[in-house]
Amino acid sequence: MEIVRSQRSRTNTPNDSVSTLPLYRYAPQLEVRLEDFEVFAMDRLRVLKGISDALARGKRPEEMENLVRDLWKANMRHPEASEDVNKDIISHFVLRLVYCRTEDLRKWFLSMETALYRYRFLLGSSEAKRALMEEFDLPCKAISRTEFENAKEKLEQVARSFDQPLPTADAIFYKVPFEEVPELVAGRRVYIHKGHAYVAMHQVVSLVVTQFRSNLSKALILTNRKWTSTIREQERDRLTPIVEALSMSYLGPDYSQTKEFGEISIKDLDQLARSSFPLCMRHLFDKLREDHHLKHGGRMQLGLFLKGVGLRMEDALAFWKAEFSQKVGAERFDKEYAYSIRHNYGKEGKRTDYTPYSCQKIISSTPGVGDHHGCPYRHFSEENLRAALGRMGVGSRAMEDVVDKVRNRHYQLACTLTFEAVHSSSCDAGINHPNQYFSDSHKILQPKVEIVI
Amino acid sequence: MTKEESKNGSDDMLIDGPKQGNVIPDGFNPNYLKVYYGRLFPHADIFKWMSYGNDGRHPACDKSYFGRREFSFTLDNDIYLRFQSFNSESELENSIKEKCPSKIDIGPVYSVDPAKRHAYAQGGDNVFAPVERELIFDIDITDYDDVRYCCSGADVCLECWPLMTVAIKVIDTALRDDFGFDHILWVYSGRRGVHCWVCDGKARRLTNEQRGAIADYFRVYKGNENSNKKVSFPGPLHPFLVRSYTEVLREFFEEKLLLSQNLFSTEERYEKILSMIPDESVTSELRGKWQENRRSSNSKEDINFFRWEQLKNTLQSGKQKVQGLRRCVEEIVFAFTYPRLDMEVSKHRNHLLKAPFCVHPKTGRVCIPIDPKDCEELDPTTVPTLSELLRELNTGDSRMDVDNEWEKTSLGKSIRFFRSSFLQPLLKSCKEEMESGYKAKIQQTKNSLSW
């Protein structure tokens, strides 16, 4: 008689819990100790923060998979292996409470949890993937032999375009409405015909992730509602202080409030651009001085940066007007451009006070014809980059290091090295935000605090 | 009718004496516009289109639908009126006739009447947000300035206009064959580009993310003056790009553009192409041949064809082993000919786009629809202008049925095309969708009631 092994006994492989993916559909009906409440959440937060940093540094998908496995192993294992799954679920739901409360927090949490889910899914076996797909109830159908034969040539073309092995005769493809797999469509990673995308087994993650993201996004809105209406008050003395403390701890300053070094004036701008602007902003600034114009992307990136640096709205209006009127005239400036500057400062429309862009956002933007925004370390040709760095005063030795980082797609590290070369001092934290570059630079160049009477 | 003194050919003159000398000088002014909106602009067709079948009597019709659509008017003194909305065809028509906007833009359909937007919150359930919007594309020839030598900026001529024709063919085929869309309207933007409106229900309901994905699917040209190579194919091409290349782009480049733009005729021009080849030995070999110039070239064959053949031969002559050269020919062809879309226009649902049949203030030309199956026929230099149309109205047969005055003019062809090729099939499909959706709903109610 065969001994049937109990389903619940788990083999002691370290990878096990990382790819045992819960669905996070309902909050667990468990009793949780208050200390665990906080500790579990902080452990998970370490994982999410690790993912966030890695993405900002432009790590490749294979590196991310390994990173996630390591981060999970380091932080999410419970002394009792059977409790791993509970820790997973509990920590997720606690963080939902923490990160549901504002749009920015929700956006960050959504991105990181989705990335985490994606890589955990990829780490799982084919069987695990197939099972999870069924749970998700996705609108996809495996294609028939005939359909495969008809589409074979195109499917092969797609595979070749990404250096993937050609689909074999028994390869499984899913036919899915293209709306369900926007990332695959955007990257031209699938063959699309009459509104259906032909998704390979290894791409199925995109479907799952899109669903996961959509579910979590809706859930966060609901959680926020519950939090505001009942939980926050009910838990005033118990959970609320913990939840509020947790959200402060891991996101860096966003430079939307300029506090430290007071305001700067227009006449300082040229000199500050030369001494303290990161390359992306210096390039925009120089182009603006040269062409007396910038396209929308450039106006946003530079405009918000200047706001973060301490340029008052009235000064900003004067500055942009002085430049633009040389190209389009003062009247046209007032009519067409002044409004959006005021908009950036939160004085128009729905009055959002817009935040200066972080490196992550700038690196992922897509400058087109006539644009000068984006990250120059990413978009400049090597020749142009070297010339620009030379103008900043980067020596030949440092330049080689910078160019080397760029070749390996470490754009923020390249910028950090530039900073270090230009200021002859080290920047241990690394550059994550253009305004951080500016404030660090400012601190070095103006060590004495002026006493304002 | 009072005979008022007026300075230039005003509407009085047109109404009183159609057979008088056609003294309608070219141009664009409020008086002409008034006549245009009064007698030629197809208000009813725009209303029917924007209603998507909801103006009928079927129980499934949403009576609030048209009223939730945003329009915006640009008035003569550059005053810009946003969030205009109308509850009926006559409200729309009267407002246009009264305000005489120099430009009419169409925005999305919102969750509530835009006029009531201030009553709604930014977040939560009761939000003022777009719920439907056509999938739109805007292609402007100024985005091709780095690859056309005949014109620059706002100018356009018959040598460079074919770039727009090619863009229409590539995108239209993809929208139909790849994405499965059927109800697509292409419109001349009035001066230097084309607009595309995809009106299928599926398209109108796309989210911003999905629109961004489609725009990225179409994106090939990346970069600006700071990067050398704007088109880069690290691997073999996706089926969509293969089809575009073999069916449209290659032939266009080799048989039309090479010649019309004289891409190899001067050093400056051929250097631009050489800068797209990342191999010194190839570029110096070619440069060497071309600097010798006239002596060696075959006098019968055009210098552009000749040099292009030389380039292809050099690239394909076994240097394929070198990375980055294998698809250099395609990269060059795509760099010059592949459509360059404005990503931002397509990605955001709340983006406004100029309505078809508007008149462009700077050129006086009407934004007429373009038949994608026949797009080579469109000549931007002969598109009807406002003053031409008014002249035609003047000399037209005054006994004709007043309801269809546009039939007397060149606008007639465009409106007939709009109706037969676009509006009627669209409305038919809307009706079918509405009916089947309604039946399904009824069935569902029945099912849930039965135990």
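The questions below concern a predicted model, beginning with a sheet and going on to a contact between domains.

Colleague: Which strands stand at the edges of the open sheet in chain A?

Modeller: The four strands of this open sheet follow the order β1-β2-β4-β3 in chain A, and their pairing is antiparallel. Two of these strands have a single partner strand each, so one side of each is left without a neighbour in the sheet. The strands at the edges are therefore β1 (141–142) and β3 (191–193) of chain A.

Colleague: Which residue in β2(A) does A:A142 stand opposite?

Modeller: β1(A) pairs with strand β2 (residues 173–177) of chain A in the antiparallel sense, over two bridges. Within β2(A), the residue opposite A:A142 is A:Y174.

Colleague: How much area do domain 1 and domain 2 of chain A bury between them?

Modeller: The size of an interface is often given as the accessible area lost when the parts come together. Chain A is divided into three parts, among them domain 1 (34–134 + 210–247) and domain 2 (135–207). Of the area that domain 1 and domain 2 of chain A bury between them, 61% is on carbon and sulfur atoms, and the value itself is about 1300 Å².

Colleague: How far apart are the closest N and O atoms in the salt bridge of A:E183 with A:R118?

Modeller: The rule counts a side-chain nitrogen of Lys or Arg within 4 Å of a carboxyl oxygen of Asp or Glu, and across the interface of domain 1 and domain 2 of chain A it finds one salt bridge. For A:E183 and A:R118, which form a salt bridge, the distance between the closest N and O atoms is 3.2 Å.

Terms used
Residues are numbered from 1 along each chain as its sequence is written. Chains are lettered from A and ligands numbered from 1 in the order in which they are written. This is a predicted model: local features need pLDDT of at least 70, side-chain atom pairs count only at pLDDT 80 or more; totals for chains, interfaces and linings use all residues. Side-chain values use heavy atoms; hydrogens and water are left out. Two strands pair if DSSP finds at least two bridges between them. Domain bounds come from an automatic or database domain assignment. Buried area is the accessible area (1.4 Å probe) that two parts lose on being put together, summed over both.
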